[in-house]
Every structure is written in structure tokens, then in C-alpha cells.
Amino acid sequence: MGAGNSTRRSGSVAAKMNISQRRAKLQQLINERREISINELNSLFDVSSVTLRNDLIYLERKGVCRRLFGKVVAECENSSFQLNYNYQKNLNLKERIGKYAAGLIESGDSVLFYAGTTTQQVARFVDPDISFIAVTNSIYIAQELRSLPKAKILFLGGLFSHNIGATYGAQAVQQIKEYNIDKLFLSVDGIDAQKGITNSSPFESDINQTILSKSRKVIVVADHTKVGMVSFIQMGSAKDVDLLITDSAADEAQISALRAVPIEVVTV
């Protein structure tokens, strides 16, 4: 009885905290316990599941913890799962883009999250109450998807790129050909009205063409530094893209040219 009253008091106190106080308390609890279930956190902090999830995403970004299925674990300094590619660059912009893009996913969708730092942000912000099929070739994105209890996750096989933490090659291509994808979220190194969508990885050409052909709606998520840029490898034409989600700093002339293709463009 005493323990139950203590839990209720803790929840009542947490409900009166401001956001900074609540996150500091969360961080302290995670550091002390090292591992704690989401259910227990819900009982201790009288906030919505969306608010709690945003708090944990914030702490994860700080390197405090890692979200796993049904629980949170304290992050070790020497964790073998730290991102080893361009994750931090323009992170605030990528988070804004990812949060908006995640809101486009609906229950029953089949969604392909292609490897990339901005598509990883889309996966981070998906509503955990949505039941959908998630396909990815990225180990980092797969890790994000693990925290979504209602997602059916399919990981593409094939050759593995150590540089980007993702699979590619004939086996991955063949697997994609078997799927019908409702929405493809695609990070790019460049998107231009004339030159189309481009990246810098020659070994990805076959898989790029396949994911575009198998997806009903192609959604490019790219911050303003990619808009109007042209990289080394041609992924597809501008006409292959249905929607571009970027940030408000994108060049207006480039945005106008993309809309004339036509591509729907949303700035956040």
C-alpha cells in the first residue's frame, strides 16, 4: 500500500514539473536505474505517451539513453551502436522535416524508409499507435523502428555498406521487387528541377531505380542545403518525385522550379 501511494505521489509531482524539470528527472532516473520500462515511466510521469516519447527522443539525442522495444536503457560512452556518419549536421532541421513527414504515415500503409539521416528522423517520430508495414535497408532506421510496437518491420538483405550502415545489391533489389510500397521516404544529396535527384554512392544505382519504380508515392525529405544541388550519381528524374519536404531556408527560385515540374513542396 505504501509503495502504491509513493508511486501516485511521484506521478502527481511529475505532473507539476515544467519540461526542463521533467526531462532532468527522467535523465536522473535513467542514469540511476540503467534500464526502465516504458510502462513504468508512464506510471511515474503523468503525461501523454506522445509527450513522454518526445522527452525520450530529446534525451536520446543528447546521448543519455537509447529507446528499445518497450523500454529505455542508459547509453554507454563506448556503445557499439553510435552513428558513424553525418548524423549531427543540420539535426534541428532534419528533426522538423522528419516530424512533419512522420505525420503522413497512416494505419495500413506499407512504408519504405531508405537509408539516410533525414529518413532516420522520420522513423523516430512515427506515432507508436499506428499499425503499418515498415521496410528499410538501414540498421540505424531499423533500430528506431524497434520502438514502434505495432509496426511490422522488414529488413532488406544483401551486401552491407559499412560507411552508411545499410544493405544494397542484387539480393536487396530482388526483395524490393516483391513488395508494393505505398510511401517511400528518401534522403538525397541533391534535388534539382533539371537534374533530378542525385546522391554520391555509385553502388546504390540499381536499388535506387527499383525503390522508385515500386513506390506509389515518392517523398523526398531534404534540408535546404540539398535543394538545387546536384551530386555525382543519378537516382531519378524530378518527375519521379511526388512530394518534397524541406525547411523554410530553401532557395525560393529552386522551390518555384520544382513546383513547376510539378512536385508538391512543403516547407517546415
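Trainee: What is the mean pLDDT of the protein?
Mentor: This is a predicted model, and the mean pLDDT of the protein is 87. Of its residues, 89% reach 70 or more.

Trainee: Where does pLDDT stay under 50?
Mentor: One such stretch is residues 1-13, and another is residues 77-85.

Trainee: How many contacts does the model have there beyond four places in sequence?
Mentor: For residues 1-13 the model has six of these contacts. For residues 77-85 it has 19.

Trainee: Changing topic: how many helices and strands are in the protein?
Mentor: The protein contains ten helices and 15 strands.

Trainee: In what order do the seven strands of the open sheet stand?
Mentor: The order is 6-5-4-9-12-14-15, and the strands pair in parallel. At the edges are strand 6 (151-155) and strand 15 (264-267), each of which pairs on one side only. From one strand to the next, the twist averages 20°.

Trainee: What about the open sheet of three strands: is its pairing parallel or antiparallel?
Mentor: Its pairing is antiparallel, with the strands in the order 10-11-13. The edge strands here are strand 10 (190-192) and strand 13 (233-236), and each pairs on one side only. The twist in this sheet averages 30° from one strand to the next.

Trainee: How many bridges join strand 10 to strand 11?
Mentor: There are three bridges between strand 10 and strand 11 (residues 196-199), and the two strands run antiparallel. Within this part of the structure, I191 stands opposite I197 of strand 11.

Trainee: Which strands does helix 9 touch?
Mentor: Helix 9 (residues 205-213) packs on the sheet and touches strand 11 and strand 13. The direction of helix 9 makes about 15° with that of strand 13.

Trainee: Now the whole protein: what share of the residues count as buried?
Mentor: The protein has 268 residues, and 51% of them count as buried.

Trainee: What does its accessible surface come to?
Mentor: The accessible surface comes to about 12800 Å², and carbon and sulfur atoms hold 49% of that.

Trainee: Last one: among contacts with a separation of 6 or more, what share involves residues 24 or more positions apart?
Mentor: Residues 24 or more positions apart account for 63% of those contacts in the protein.

Key: Residues are numbered from 1 along each chain as its sequence is written. This is a predicted model: local features need pLDDT of at least 70, side-chain atom pairs count only at pLDDT 80 or more; totals for chains, interfaces and linings use all residues. Side-chain values use heavy atoms; hydrogens and water are left out. Helices (H or I, at least four residues) and strands (E, at least two) are DSSP runs, numbered from the N terminus. Buried means under 20% relative accessible area, exposed over 50%, partly exposed in between (1.4 Å probe, protein chains only). Contact means heavy atoms within 4.5 Å. Accessible areas come from the Shrake-Rupley method with a 1.4 Å probe; for residues, only the protein chains shown count as cover. pLDDT is the predictor's confidence in each residue, from 0 to 100. Two strands pair if DSSP finds at least two bridges between them. Axes are lines fitted to C-alpha atoms, for helices over the stretch in contact, and angles run from 0 to 180 degrees between N-to-C directions.
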